[in-house]
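Subject: Model handover

Hello,

Here is the structure for your files. My notes on what was found in it follow below.

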Amino acid sequence: MNYKISRRAASLSPSLTLAIDSKAKQMKADGLDVVGFGAGEPDFDTPQHIKDACSKALAAGFTKYTPAAGIPELRAAIADKHKRENGLTYKPSQVIVSCGGKHSCFNVIFATCEEGDEVIIPAPYWLSYPEMVKMAGAKPVIVETTDKTEFKLTPDALRQAITPRTRLFVLNSPSNPTGSVYTPDELKALGDICVEKNVLIMSDEIYEHLLYDGATTRSVASFSPAHFEHTIIVHGFAKAWSMTGWRLGWCAAPEPIAKAIDAVQSHSTSNPTSFAQKGAVAALTGPQDHLPLWLAEFNKRRTFAWNKINSIPGLSCVNAKGAFYLFPNIAKTGLKSADFCAKLLEVEKVAAVPGVAFGADDYIRLSYATSMANIEKGLERIERFCQGLVK
Ligand SMILES: *Cc1c(COP(=O)(O)O)cnc(C)c1O
């Protein structure tokens, strides 16, 4: 049978991260001692009080449809969070709860972009952004950055990339895959240009709480009413509350955009899971004391890994102060990233994600959302691997 695949679906690249991950999992299943640096999720459990709130809702029969945009209680708790932590005033009607931060990104792009529109995405980028833009029929405009600017887009580079067709600028700080964090001043400078040129910003702030070494961040929406009107915040529960499998995220947007997203969602997924939403209310309104403990642990691993990587001939790594990733430069090894990662997995049984998946072929992504013992063992192996490459 000769199946016709739609132009949109056929234009997508399958996820390279998932391919490496499944190979590593297969090797593990075959009894091999594989060290995985591929994790895109915290290795901590969801805090107990969040699980309890969900179990309680389930037991009480909170198992039916909710409003498509989420339960009023959760939308209000999210609006409160933005007021309290970011100084931003959203009405609950401007908050749309979706099935994960990824789904929120998709909704935002789908609701604002179409054929003929350009979307500026700085590389290295989270690999789903360009594919989502293509699915919406719009064109991703990739602007490269390197470790020389800590993978940060300069205001000049943004200005040069903007054309009359630019609809959206995708900003992700702290960043997946680089762990880079823009300073408030740098964010304001980028926001100023978007306001001046009337470009919307999709600000993916999902790693907002994962900061180290005294780094601070600020929502780009918070600099002025004009910045607020040009920004759509994407956020979620996956990272700071370790709720990846719950599939819950949100966006906070100007009212007309929120309305459009609500309509899109009401005809696609409808509401996110009812009882999971009750857990999310507890995540936002309950104690946050898990977070300092997680941050201390992440920071210990981050500091160790960063020092170790920089001691390995052939590798260098900028000091990334957010999320849970390091993004070492491998150019001196003479290998491109896919080759590097394939050989590393083959020879040393270490799984890392090739930078080419994120639009940056001279780098690899290492996640430190894994135990210190794994990190020590894995980096020893990477060191041995690089010694074989760099003469
Ligand atoms: C993890 C992540 C998300 C959201 O993930 P969900 O599991 O869909 O909530 C969004 N953006 C970035 C950059 C991420 O790394």
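P174 sits in the loop between β5 (166–172) and α8 (184–197). Helices (H or I, at least four residues) and strands (E, at least two) are DSSP runs, numbered from the N terminus. The peptide bond from S173 to P174 is cis, with omega near -10 degrees. P177 is also in the loop between β5 and α8. Here a cis peptide bond joins N176 and P177, with omega about 25 degrees. N198 lies in the loop between α8 and β6 (200–204). Its phi is near 55 degrees, a positive value in a residue other than glycine.

A word on conventions. This is a predicted model, where local features need pLDDT of at least 70 and side-chain atom pairs count only at pLDDT 80 or more, while totals for chains, interfaces and linings use all residues. Residues are numbered from 1 along each chain as its sequence is written, and side-chain values use heavy atoms, with hydrogens and water left out.

Next, the ligand. Of the 13 residues around the ligand, G101, D204, Y207, K239 and R247 come nearest. A residue counts as near if one of its heavy atoms lies within 4 Å. The shell divides into 5 nonpolar, 4 polar and 4 charged residues.

- Y207: a polar side-chain atom at 2.7 Å.
- K102: a polar backbone atom at 2.8 Å.
- K239: a polar side-chain atom at 3.0 Å.

Taken alone, the ligand exposes 380 Å², and the protein buries 93% of that. Accessible areas come from the Shrake-Rupley method with a 1.4 Å probe; for residues, only the protein chains shown count as cover.

What does the side chain of E115 make a polar contact with? The partner is the side chain of R8, at 2.4 Å. A polar contact is a pair of N or O atoms within 3.5 Å; within protein, one must be able to donate a hydrogen and the other to accept it, and residues adjacent in sequence count only if both atoms are side-chain atoms. E115 lies in the loop between α5 (101–112) and β3 (118–123). Leaving aside neighbours within four places in sequence, E115 is in contact (heavy atoms within 4.5 Å) with R8, A136 and G137. E115 and K134 are 19 residues apart in sequence and 9.2 Å apart in space, C-alpha to C-alpha.

Now the strands. Two strands pair if DSSP finds at least two bridges between them. β3 and β4 (residues 139–144) pair in the parallel sense over 6 bridges. I121 has I142 in β4 as its bridge partner. From β3 the chain crosses through helix α6 (residues 128–135) to β4, a right-handed β-α-β crossover. Right-handed means that, with the strands pointing away from the viewer, the path from the first strand over the helix to the second runs clockwise.

An open sheet has 3 strands in the order β9-β12-β11, with antiparallel pairing. β9 (325–326) and β11 (353–354) stand at the edges with a single partner strand each, so one side of each is left without a neighbour in the sheet. β9 is joined to β12 (residues 364–367) by 2 bridges. L326 stands opposite L366 in β12.

Best wishes

Definitions and conventions. Ala, Val, Leu, Ile, Met, Phe, Trp, Tyr, Cys and Pro count as nonpolar, Asp, Glu, Lys and Arg as charged, and the others, Gly among them, as polar.
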